[in-house]
Amino acid sequence: MKTHTITVNPRFCETDALGHLSNISYFIYLEEARTRLFDELSYGGRTGDWHFILASAKCDFVNQGFFGRRLRVETNVSRIGHKSFQCIHRIIEEETGKLIAIGEAAVVYFNFHAQVSEPLPDDLRALLTQYLVPAAEEADSSLRCEKQ
């Protein structure tokens, strides 16, 4: 199983009045991780060729993140359906290895011209399978969130 990883350098403007990273910033980091994964799979690129629409997104905030502490965002796929797939993201403080947040996103393969969802192409399905997390590992990830 492959894991797609990016690093994020939180900016001062991404903090809130309490001095920690604003909860909205995490969704920006998760979006960046997904779009860079799509680029790696050769399904990113220009918006005219875009085939993905987000059906849902969530983020569980496990620990506080702070300005100046670089983050690692690890992305896997937890489910592949007929017309959609589920990404799971772990945001980790790079220096300490501390789990900061766990995110999920349901992504639908979408034809924007016809305004309808379409079946995942076979080549995309095969590429996503490389990132597929076995169900037991996904459950362990959720348990880590609850224990911290």
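Me: A disulfide is a pair of cysteine sulfur atoms within 2.5 Å. How many does a search of the whole structure find?

Reply: The model is predicted, with pLDDT of at least 70 needed for local features and 80 or more for side-chain atom pairs, while totals for chains, interfaces and linings use all residues. Residues are numbered from 1 along each chain as its sequence is written, and side-chain values use heavy atoms, leaving out hydrogens and water. A disulfide is a covalent bond between the sulfur atoms of two cysteines. Searching the whole structure, the number of disulfides found is zero.

Me: Is Cys87 buried or exposed?

Reply: The Cys87 sulfur lies 14 Å from the closest cysteine sulfur, in Cys59, so the gap is too far for a bond. Buried means under 20% relative accessible area. Cys87 has 0%, so it counts as buried.

Me: How many of the 13 residues of strand E5 are buried?

Reply: Strands are DSSP runs of E with at least two residues, numbered from the N terminus. E5 covers residues 99–111. It is largely enclosed by the rest of the structure because the buried count is 12.

Me: In E5, which residue is the bridge partner of Lys58?

Reply: Two strands pair if DSSP finds at least two bridges between them. Strand E2 (residues 52–61) meets E5 in the antiparallel sense, over nine bridges. Across from Lys58, the bridge partner in E5 is Glu104.

Me: Which residue in the turn between E4 and E5 has a positive phi?

Reply: Strand E4 (residues 84–93) runs antiparallel to E5, joined by nine bridges. Ile92 has Leu99 as its bridge partner in E5. The two strands form a hairpin with five residues between them, and the positive phi, about 80 degrees, belongs to Gly97.

Me: Which residue takes a positive phi in the hairpin of E5 and E6?

Reply: Strand E6 (residues 116–117) pairs with E5 in the antiparallel sense over two bridges. Phe110 stands opposite Ser117 in E6. Four residues lie between the strands, and the one with a positive phi near 60 degrees is Gln115.

Me: With which side chain does the side chain of His4 make a polar contact?

Reply: His4 sits in strand E1 (residues 4–8). At 6% relative accessible area, it counts as buried. A polar contact is a pair of N or O atoms within 3.5 Å; within protein, one must be able to donate a hydrogen and the other to accept it, and residues adjacent in sequence count only if both atoms are side-chain atoms. At 3.5 Å, the partner of the His4 side chain is Glu40.

Methods
Buried < 20%, exposed > 50% of the residue type's maximum accessible area, 1.4 Å probe, protein only.
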